[in-house]
Amino acid sequence: MDIHELTLTTKEAVKKLTHSFEIEVHDKAKMIDPENEHDWYSLTIGWGLGKGLPPNEAIEFAGYIRHETELG
């Protein structure tokens, strides 16, 4: 999955997934990792896997969050 080459429907899915990540993880970062000592890239991959993404898509999503949004 190349996030830059998605169809409109898939882009909407990524947008919804990103919003869910923001609410479920990013907004609770101080509670999840109060000392800011965890690897958030790995946490994001795990979150994506937990949401049902295949491993390669979870890795791509984590890279997207980290490098292309204000959430990473």
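User: Which residues form one aromatic cluster?

Analyst: In this predicted model, local features need pLDDT of at least 70 and side-chain atom pairs count only at pLDDT 80 or more, whereas totals for chains, interfaces and linings use all residues. Residues are numbered from 1 along each chain as its sequence is written, and side-chain values use heavy atoms, with hydrogens and water left out. The cluster consists of F21, W47, F61 and Y64.

User: How many aromatic pairs does the structure hold, and what describes such a pair?

Analyst: A pair of aromatic rings is described by the distance of the centres and the angle of the planes. Rings of Phe, Tyr and Trp (its six-membered ring) pair if their centres lie within 6.5 Å; planes under 30 degrees apart count as stacked, over 60 as edge-to-face and the rest as tilted. The structure holds four such pairs. For F21 and F61, the ring centres are 6.2 Å apart and the planes stand at 80°, so this pair is edge-to-face. F21 belongs to helix α1 and F61 to helix α4, so the pair ties together parts that are 40 residues apart in sequence. Helices (H or I, at least four residues) are DSSP runs, numbered from the N terminus.

User: Is the pair of W47 and F61 stacked or edge-to-face, and which helices hold the two residues?

Analyst: The ring centres of W47 and F61 are 5.9 Å apart with planes at 25°, so the pair is stacked. W47 lies in helix α3 and F61 in helix α4, so parts that are 14 residues apart in sequence are tied together. Both W47 and F61 are buried, where buried means under 20% relative accessible area, exposed over 50% and partly exposed in between (1.4 Å probe, protein chains only).

User: Which residues touch the most other members of the largest nonpolar core?

Analyst: A nonpolar core is a set of buried Ala, Val, Leu, Ile, Met, Phe, Trp, Tyr and Cys residues joined through side-chain atoms within 4.5 Å. The largest one has 13 residues, of which L17, F21, W47, L53, F61, Y64 and I65 touch the most other members. Two or more residues come from each of α1 (8–24), α3 and α4 (55–68). The most come from α4, with five residues.

User: Where is T44, and is T44 buried or exposed?

Analyst: T44 is placed in helix α3 and counts as buried because its relative accessibility is 3%. Contact means heavy atoms within 4.5 Å. Leaving aside neighbours within four places in sequence, T44 is in contact with F21, F61, A62 and I65.

User: What is the nearest side chain of opposite charge to D33?

Analyst: Lys and Arg count as positive and Asp and Glu as negative; His and the chain ends are not counted. A salt bridge is a side-chain nitrogen of Lys or Arg within 4 Å of a carboxyl oxygen of Asp or Glu. D33 is buried yet has no salt bridge, and the nearest side chain of opposite charge is K30, 8.9 Å away. D33 lies in the loop between α2 (29–32) and α3 (40–50). A polar contact of 2.9 Å joins the side chains of D33 and W40; the term denotes a pair of N or O atoms within 3.5 Å, where within protein one must be able to donate a hydrogen and the other to accept it, and residues adjacent in sequence count only if both atoms are side-chain atoms.

User: What phi does N36 have?

Analyst: Most residues other than glycine have a negative phi. N36 is not a glycine, although its phi is positive, at about 50°. N36 lies in the loop between α2 and α3 and is exposed, with a relative accessible area of 60%.
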